[in-house]
Each structure stands twice: as C-alpha cells, then as structure tokens.
Amino acid sequence: MSLSISNDSLLPGRNYIDGAWVDAADGTTFPVSDPATDAVFTQVPNSGAEDAKRAVDAAQKAFASWRKVPAKQRAAIIKRWNDLIVAHTEDLGKLISREQGKPLAEGKGEVLYAASYVEWFAEEATRTNGEIIPAPVPGRRMYALREPVGVIAAVTPWNFPAAMIARKIAPALAAGCTVVCKPAEDTPLTSLALVKLAEQAGVPAGVLNIVTASRENTPAVVDVWLDDARVRKITFTGSTPVGKHLARRSADTLKKLSLELGGNAPFIVFDDADLDAAVEGLMISKFRNGGQTCVCPNRVYVQAGVHDAFVEKLAARVGALVVGPATSASSQIGPMINARAVEKIERHVRNAVENGAKVVVGGTRVQSEQCTSANYFAPTVLIHATPSMDCSCEETFGPVVPVTRFETEADVIAQANATPFGLAAYFYSTDVRRIWRLADALESGIVGVNEGALAAEAAPFGGVKDSGYGREGSTHGLEEYMHIKYVCQGQLD
Ligand code: SIN
C-alpha cells in the first residue's frame with residue numbers, strides 16, 4: 001500500500017507568513033523522516049527568530065481587521081476549512097501516517113477527529129454572546145462583552161499532527177484571534193497541508209501563519225513569541241517541563257496560557273466490573289496511536305478477585321495485535337515516533353523487570369521483514385507493577401500495560417492519586433454508588449466510567465495538577481481565546 005498523496009498542492013514545503021509561502025529567512029531547511037523506515041523523505045524550512053518575528057508582525061497587522069469580520073462570516077470561512085479537510089481525508093490521512101507512523105485507518109480517523117473540532121468551532125463562532133447586567137442604580141447600562149484576546153502562539157505536538165492544530169486554531173479563528181503556529185519538528189507536513197486548506201477556504205492573509213523549525217531551532221522561534229508582548233496567549237500541548245518553562249517565561253508579558261501537558265492515567269478494574277467491557281476499553285484507550293497519547297492509561301489496577309482472569313483475557317488480546325508500518329493494511333501498532341521514544345519504553349520495561357515485574361507478553365523491540373527501523377516495540381503486558389517503578393511514575397508513551405493487583409477501593413484511590421499528574425483516569429464498575437464516589441475522588445481533569453474513548457469536540461479536554469490548565473473543545477475551549485470587557489454607561493436618565 002502506498003502512502004503517496006494524490007494532490008501535491010498539499011505539500012507546500014514552506015512557511016506561510018502574511019499570505020505567502022516562503023523559505024526561512026536564512027534559507028536553511030531540516031529533514032523530515034518516516035519513522036517506519038527512518039528514511040528522510042523531504043525537507044522543510046528551519047526557521048529562526050527573524051521568521052518568528054515576521055509571523056507576529058503579520059498576525060498583529062491582520063488582527064485589526066479579522067476581529068471586526070462579522071462572526072457569521074468568520075464561521076463560514078471556518079466551515080469551508082472543515083469541508084476541505086473532510087474532502088482531503090485520504091491524502092491527509094496518508095500524510096499523518098507517513099510522518100507520524102500510525103496505521104492508515106487511524107490516520108484517516110484522526111483527520112475526521114480534527115475536522116469535528118473545526119466544524120464545532122465554526123458553529124460556536126456565532127454564539128459568543130455577551131451579558132446585560134442589571135444596574136444597581138438608575139441611569140446606567142452595564143454590560144459584559146467577549147472579545148478576542150489578540151495574537152495566539154500555538155505550539156503543537158507530533159502525536160496528533162492534525163487534531164491538535166485543529167482544536168487550537170479553529171477556536172482561535174472563531175473567537176476573532178490571529179495565529180502564529182509552530183508544529184512539532186517530527187510532523188510538520190500535516191500542519192502545512194492544513195494551513196494550505198485554510199488558505200483555500202478564504203482565511204485572509206496574516207490571520208494564520210505557520211513556521212517550521214528543527215528541535216535545535218525551536219527555542220529561537222518560541223523565545224521570540226514568549227518575549228513579544230503582542231502575543232497575548234500561548235497554547236501548548238507537550239511535556240510538563242516545557243509547559244512550566246513556557247509559564248515562567250511568559251510571565252513578564254502576562255500572557256494567557258492553555259497547557260495540555262503530560263499524563264499518568266490510572267485505569268481501575270473493580271471486582272464488580274464487566275470484564276470483557278473493561279478489556280475492550282483498555283485496548284481502545286491504551287493502544288490508540290500505539291500508546292502515544294496523553295490520555296492513554298499508564299497504570300492499570302485490577303482488584304484481586306478478577307486480577308488473573310483479567311490478565312489472561314488482556315494478554316490474549318494484546319498478543320494478537322499486529323505490529324507493522326502504515327504501508328501494510330493489517331498493521332494495528334505502527335512504529336514509535338523516533339529512537340528516543342523507543343529507548344524510553346525499553347528503559348521502563350527493563351526497570352520494571354529488574355524490580356520484580358513479570359513480562360506476560362511482549363517486552364522487546366520488533367524487527368522483521370516489515371519492521372525495518374529500530375522504532376517498533378511489541379505490545380507488552382507486565383504484572384506485579386509497583387508504585388516506585390519508572391513505568392508507574394513517568395508517562396511511558398508506548399504500548400506497555402503495567403498491571404498492579406489491589407485489594408480495597410480506598411487503597412486504589414490513594415494509589416491512583418499518588419502522582420503529580422491529573423489528565424485522565426478510567427475505571428470499570430457496575431456499582432452505581434461506587435461510580436459516583438470514584439468520579440468525585442479521582443484527581444483528574446477527565447474521567448472515563450466504563451468507557452475507554454473519551455475525547456469529543458463538544459467535551460472539555462484538559463488536566464489538573466502537573467497536567468496543566470485550560471480546556472480544549474466545547475464552549476470552554478472557545479472561552480480560552482476570549483476575555484471579558486465590562487462596559488458601564490452612565491448619565492442615561
Ligand atoms: C493528546 O494526546 O494530546 C490528545 C489526545 C486526544 O485528543 O484524545
């Protein structure tokens with residue numbers, strides 16, 4: 001199966017600043033490689049400070065007019081963007097699979113997932129109503145308006161190259177903000193293709209700007225945006241250390257922030273759970289994108305009465321997963337994004353085994369006729385996981401399921417919450433009282449109850465504690481790009 005795309009115009013291979021496709025100011029580029037083979041297949045601009053500043057200049061200039069475009073007109077443009085994304089599902093899916101590695105069915109699924117946010121925010125653009133406030137004295141009118149915050153800097157991750165762009169940029173445009181964006185260095189092509197479609201949809205020059213940069217050049221680009229007071233908000237999905245750095249460095253210009261950071265999701269199975277549903281939910285949530293998802297379960301707790309039966313069912317399902325490149329239609333788990341990612345997974349498994357865990361299935365890299373790069377890791381189930389193991393403390397971001405046996409509800413709640421992170425948590429139970437107790441007790445921005453697939457465009461996505469703050473999706477996701485202006489008019493009597 002080929003991942004070549006049919007519409008070459010989706011591969012501009014350049015930055016987009018002020019409505020023009022341009023090279024980096026110094027003309028340099030960096031390579032983009034296919035994680036399935038490690039082969040370099042194209043080059044994109046290696047932008048620096050000058051490109052970053054030009055992008056802000058353009059976005060600031062465009063803000064003056066974009067904010068005044070009637071919401072209905074902005075909505076129509078964003079809706080056209082959605083329609084174009086959907087119309088290019090096949091090509092965009094292939095691009096995602098090529099640069100990110102996920103199987104093609106997942107790549108195409110991500111395109112539709114991304115589009116669902118674009119469509120949602122197109123519709124929400126027309127509903128940014130204000131409030132009339134009853135005045136406490138005669139002769140006054142008091143009202144609160146919602147206004148766009150200004151220029152937004154969006155710094156996006158590699159694991160969902162389309163969806164994360166969509167759920168940051170669509171609400172920004174809907175609110176009347178303008179955008180400068182830097183996609184992850186591993187996956188710049190999908191983002192450039194989405195911006196190309198936004199241009200075709202009629203997003204005016206300067207409203208949406210994108211610059212690509214290597215890992216080494218990224219600080220030079222982002223530092224310009226952090227220091228520039230014209231950038232009024234940063235939206236970032238990525239690691240907690242980088243999120244904290246952005247929060248510290250943006251303090252001088254007091255930017256608004258949305259930080260969707262690391263997770264360490266617990267997945268709890270109680271004795272009273274429907275075991276088949278729990279196994280199914282875990283397969284869906286854990287192995288999405290090969291385990292490279294912030295909301296993937298990272299620690300699995302199974303109550304003693306069902307532990308062995310659950311592990312047996314789970315191991316059978318995990319052992320049957322097909323690992324391979326996106327060019328093979330049968331692949332269910334693609335390569336990990338790069339060598340660093342596989343090294344971390346390997347370290348977690350090694351550390352667990354050295355500290356008493358047992359590998360039930362998997363546990364090693366996969367090399368075969370199809371899996372030719374060193375980036376493939378076998379879907380793995382470990383038992384006897386303990387709280388001090390690396391895989392319990394850090395996000396593995398790979399296809400590894402460490403299982404811990406527990407005895408009581410109080411004990412598992414304490415273990416689930418014993419982490420600085422709080423993005424997602426899952427549990428399976430059929431006891432309605434326990435369901436309410438757990439939903440209250442888990443320290444997490446998102447809770448899945450008897451459900452493994454949680455994200456949806458109409459739902460607020462985001463974390464607590466070290467998993468960050470701010471919400472994406474839903475009406476809350478639009479609020480993040482607006483501020484409230486209170487207007488008080490007197491002398492009316
Ligand atoms: C993420 O991993 O950052 C996003 C996952 C999702 O949208 O479900």
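**The His348–Thr396 contact**

The side chains of His348 and Thr396 are joined by a polar contact of 2.8 Å, where a polar contact is a pair of N or O atoms within 3.5 Å; within protein, one must be able to donate a hydrogen and the other to accept it, and residues adjacent in sequence count only if both atoms are side-chain atoms. The model is predicted, so local features need pLDDT of at least 70 and side-chain atom pairs count only at pLDDT 80 or more, whereas totals for chains, interfaces and linings use all residues. Residues are numbered from 1 along each chain as its sequence is written, and side-chain values use heavy atoms, with hydrogens and water left out.

His348 belongs to helix H11, residues 339-354; helices (H or I, at least four residues) and strands (E, at least two) are DSSP runs numbered from the N terminus. Thr396 lies in the loop between helix H12 (390-393) and strand S16 (400-406). Both partners are buried: His348 has a relative accessible area of 0%, and Thr396 has 1%. Buried means under 20% relative accessible area, exposed over 50% and partly exposed in between (1.4 Å probe, protein chains only).

Leaving out residues up to four places away in sequence, His348 touches Asp390, Cys391, Glu394, Glu395 and Thr396, contact meaning heavy atoms within 4.5 Å. On the same terms, Thr396 touches Asn298, Lys344, Ile345, His348 and Cys391. His348 and Ser392 are 44 residues apart along the chain, and their C-alpha atoms are separated by 9.0 Å.

The ligand site can be described next. The ligand is surrounded by 13 residues, the closest being Tyr113, Asn159, Arg167, Arg288 and Cys294; a residue is near a molecule or strand if one of its heavy atoms lies within 4 Å of it. A side-chain N or O atom of Arg167 is 2.9 Å from an oxygen atom of the ligand. For Arg288, a polar side-chain atom lies 2.8 Å from a ligand oxygen atom, while Cys294 places a backbone N or O atom 2.8 Å from an oxygen atom of the ligand. Taken alone the ligand exposes 260 Å², and the protein buries 100% of that; accessible areas come from the Shrake-Rupley method with a 1.4 Å probe, and for residues only the protein chains shown count as cover.
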